[in-house]
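Q: Please take a close look at one part of this model with me. I would like to follow its surroundings residue by residue.

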Amino acid sequence: MAQDDTSAHLVEVFKALANPVRLQVLQWLRDPEAHFPVETGIADPHEVGVCVSHIQAKLGLAQSTVSAYMAALERAGLVRSTRVGKWTHYKRDEERISRLVDVLGHSL
């Protein structure tokens, strides 16, 4: 990845993480069983992720706001989305987060 591409990606990541709600969701997704009602989920939270409706319920925010927050995290490469029926599930992209940590270690 070229230096300009790396810098642009880091800015996108920092923008996504600058919002305390998005940062909180990313932390919750690290251990979904501890933070979401996985027994009512239709998919394995580690395999597929947490349903956006569970994230919305925990946050108590409008669906459109939660969707925008999750889209920002996805654009930054911090989460991946998977459709299961009519529902979107999100999980952390641990591989990309690990690479991001490496890039930060070498860039800053």
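A: Of the 108 residues in the protein chain, 35% are buried (under 20% relative accessible area, with exposed meaning over 50% and partly exposed in between, for a 1.4 Å probe and protein chains only). This is a predicted model, in which local features need pLDDT of at least 70 and side-chain atom pairs pLDDT 80 or more, while totals for chains, interfaces and linings use all residues. Residues are numbered from 1 along each chain as its sequence is written, and side-chain values use heavy atoms, without hydrogens and water.

The chain has six helices and three strands, taken as DSSP runs numbered from the N terminus (H or I, at least four residues; E, at least two). From that end, their order is α-α-α-β-α-α-β-β-α.

Now to H2, residues 20-30, where Arg22, Val25, Leu26, Trp28 and Leu29 are buried. They share one side of H2 because they span an arc of only 160 degrees around the axis, judged by the directions from the helix axis to the C-beta atoms. Pro20 and Arg30, on the other side of H2, are exposed. At the start of H2, the backbone nitrogen of Val21 has a side-chain oxygen of Asn19 within 2.7 Å.

The rings of Trp28 and Phe36 are edge-to-face, because their centres are 6.0 Å apart and their planes stand at 85 degrees. Lys58 also sits over the face of Trp28, 4.8 Å from the ring centre (the rule asks for NZ of Lys or CZ of Arg within 6 Å of the ring centre and within 35 degrees of the ring normal).

Definitions and conventions:
A polar contact is a pair of N or O atoms within 3.5 Å; within protein, one must be able to donate a hydrogen and the other to accept it, and residues adjacent in sequence count only if both atoms are side-chain atoms. Rings of Phe, Tyr and Trp (its six-membered ring) pair if their centres lie within 6.5 Å; planes under 30 degrees apart count as stacked, over 60 as edge-to-face and the rest as tilted.
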